[in-house]
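Please find below a colleague's note on the model under review.

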Amino acid sequence: MPRPPRPLRLPRLPRPPRAPRLPRTLAVLAGALLIATGLAMPSALPTAGAASAASAAPPSPPVLHAEGNRLVDAEGATHRLLGVNRSGGEFACVQGYGIFDGPVDDASVRAIADWKANTVRIPLNEECWLGTDNIDPRYAGANYTSAVEDLVRRVQDHGMTPIVELHWSHGQYTGNSSGCPDVHASCQKPMPNARYTPAFWTSVADTFKDDPAVVLDLFNEPYPDRATPTTAQAWDCWRDGGTCPGIGYEVAGMQDLLDAVRGTGAKNLVLAAGIAYSNDLSGWLEHAPTDPAGNLAAAWHVYNFNTCSTVSCWDAQLAPVAAEVPLVAGEIGENTCSHGFIGSVMKWLDAHQASYLGWTWNTWNCASGPALISSYDGTPTAFGAGLRDHLTALAS
C-alpha cells in the first residue's frame, strides 16, 4: 500500500501525574496492619506466586518452517501469522523527520498484542538501512538498524513474530504507474534493484540469521507487469531480474534476493510476494525461486480496489497456491472506512488455513489510507474494529 500524505500533527496534551506508589515492603506492612485491625482479609496480602504470575512474560514467538502448505513450529504444530503492519520505517527516514512515524515504545507494542495479534510486519527502507549519503545520518546506518533491532526485540518480548520487509528501494522508474521520478528510495518501485537490494538483504540476513524466529519478506509489492509488454515477461523479470523491458535500471529478481539471504547462512522463513502489487499469484508456483533451505512462503496483498478482490478470483488463483505452499496475506485492507471487505477476506483465508495482517497500525484516516487505529493505545477505527474483533474471537 503506498504511503499516504503526512497527516497534520496536533500538539499532544501533557499526561496528568501518576499517584505515588508505595514501595512493596510498605504495601505488605500496610496490608498486615489492615488484617490485624480486621479491615482486610488475609487473601488481600500479595504473594510471591501472584506477583510472579502477574509479571510473567508471554512465550517467545516460534521458529517457523514451511512444511507443505503449512507453517509449523518446532513441534510440528500449525501456526498462522495473524496481526498488523506497523508502517513508518520505510518513509520517515528518507523524508528526514525520524526513523518511525509515531511511537514504537513498549506501551505501543503491548497495545498490538492486546488485540491478540501474534505478528507485526515492519516495512524498511534500503537506503536508510545501508546509510547512503542522501539520508540524514541521524536516521541512517547504525542509528536506523539499531532502532529496527530494538523494535524487533520489543515485538518478540510481547510474544509476537516480527516480519521485516523491504518497502522502498533505489532505482529510477518513470513508466506506467510510477510512484515518483526520484532515483532514491522515496517511493515504491516496480522491482528491486541490483545496485543496492542484494547488499541490503545480505546485511539484514546477517543481522537476524541467529534469530530464526524473525521472518524476512523480500519485496513489498512488485509490479513489473505495469512496465513489461506481457505478463509472461513480468514473471520472468520477477524471478530472474536483469534487464527487464520497461524498467530503466538493472533489476534484482527474487532468486537474487533469496540467494543473498541464504548466502549468509540464514535459515529464516522467507516470503516472496507476487506481481501486480502482490495481488497476482497466477504465476507464482511456476516461477518460484529455488530455496536450498526449503523455507519459502508465498505473499499476497489484497484491498477492495484490487483486481483480484472476489471470492471467485481467490478460488481460481489463490487456492492452487495455498494448496501447495504456505500463503501469507501480508496486507489486507479497504478504503471504505468499514470492515465488510476484510471480513470476507479473513473468512476465505481462515478456511484455507492462511495467514493475514491488516494495513496499518498507524493513526491515519480513511481519506489518506486504511488505518486500523485512531490512537496508539489501540483504540480502533471502524475499519480496525473488524480485525480486532476477529483476532480476539480466534484467540478465544
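1. Overall composition. The model is a predicted one. The secondary structure of the chain comprises 14 helices and 10 strands. The chain has 396 residues, of which 52% count as buried. Among contacts with a separation of 6 or more, 71% are made by residues 24 or more positions apart.

2. The barrel. Eight strands close into a barrel, and their order is S3-S4-S5-S6-S7-S8-S9-S10. The pairing of these strands is parallel. From one strand to the next, the twist averages 30°.

3. Pairing around strand S7. Strand S7 covers residues 270-273. S7 pairs with S6 in the parallel sense over two bridges, and S7 pairs with S8, again in the parallel sense, over four bridges. Val270 may be followed across both pairings: Leu216 has Val270 as its bridge partner in S7, and Val270 has Leu296 as its bridge partner in S8.

4. Strand S8 and Ala297. Ala297 belongs to strand S8, which spans residues 296-303. Its relative accessible area is 0%, so Ala297 is classed as buried, the cut-off being under 20%. Apart from neighbours within four places in sequence, Ala297 contacts Leu269, Val270, Leu271, Ala272, Trp284, Pro326 and Val328. Ala297 and Leu71 are 226 residues apart in sequence, yet their C-alpha atoms are 8.5 Å apart in space.

5. From S8 to S9. Strand S9 consists of residues 327-333, and six bridges join S8 to S9 in a parallel arrangement. In this pair, Tyr303 stands opposite Gly333 of S9.

6. A helix across two strands. Helix H6 (residues 141-157) lies across strand S4 (119-125) and strand S5 (161-168). The direction of H6 is at about 175° to that of S4.

7. The packing of H12 and H13. Two packed helices are described by the angle between their axes and the distance between the axes. Helix H12 (residues 311-322) and helix H13 (residues 340-351) pack at about 35°, and their axes are 11 Å apart. The crossing of H12 with H13 is right-handed. On the H12 side, Val311, Trp314, Asp315, Leu318 and Ala319 take part, and they meet Phe341, Ser344, Val345 and Trp348 of H13. The residues of this contact divide into seven nonpolar, one polar and one charged.

8. Thr228 in a loop. Where is Thr228 placed? Thr228 is in the loop between strand S6 (215-217) and helix H8 (231-240). With a relative accessibility of 7%, Thr228 counts as buried because the limit is under 20%. The side chain of Thr228 reaches the backbone oxygen of Thr230 at 3.0 Å. Leaving aside neighbours within four places in sequence, Thr228 is in contact with Gln233, Ala234 and Pro245.

9. Gln188 in another loop. Gln188 is found in the loop between S5 and helix H7 (197-208). The relative accessible area of Gln188 is 8%, and Gln188 is buried. Its side chain is joined to the side chain of Glu221 by a polar contact of 3.2 Å.

Notes. Residues are numbered from 1 along each chain as its sequence is written. This is a predicted model: local features need pLDDT of at least 70, side-chain atom pairs count only at pLDDT 80 or more; totals for chains, interfaces and linings use all residues. Side-chain values use heavy atoms; hydrogens and water are left out. Buried means under 20% relative accessible area, exposed over 50%, partly exposed in between (1.4 Å probe, protein chains only). Contact means heavy atoms within 4.5 Å. Two strands pair if DSSP finds at least two bridges between them. Axes are lines fitted to C-alpha atoms, for helices over the stretch in contact, and angles run from 0 to 180 degrees between N-to-C directions. A polar contact is a pair of N or O atoms within 3.5 Å; within protein, one must be able to donate a hydrogen and the other to accept it, and residues adjacent in sequence count only if both atoms are side-chain atoms. A crossing is left-handed if the near helix is turned anticlockwise from the far one by less than a right angle, and right-handed if clockwise. Ala, Val, Leu, Ile, Met, Phe, Trp, Tyr, Cys and Pro count as nonpolar, Asp, Glu, Lys and Arg as charged, and the others, Gly among them, as polar.
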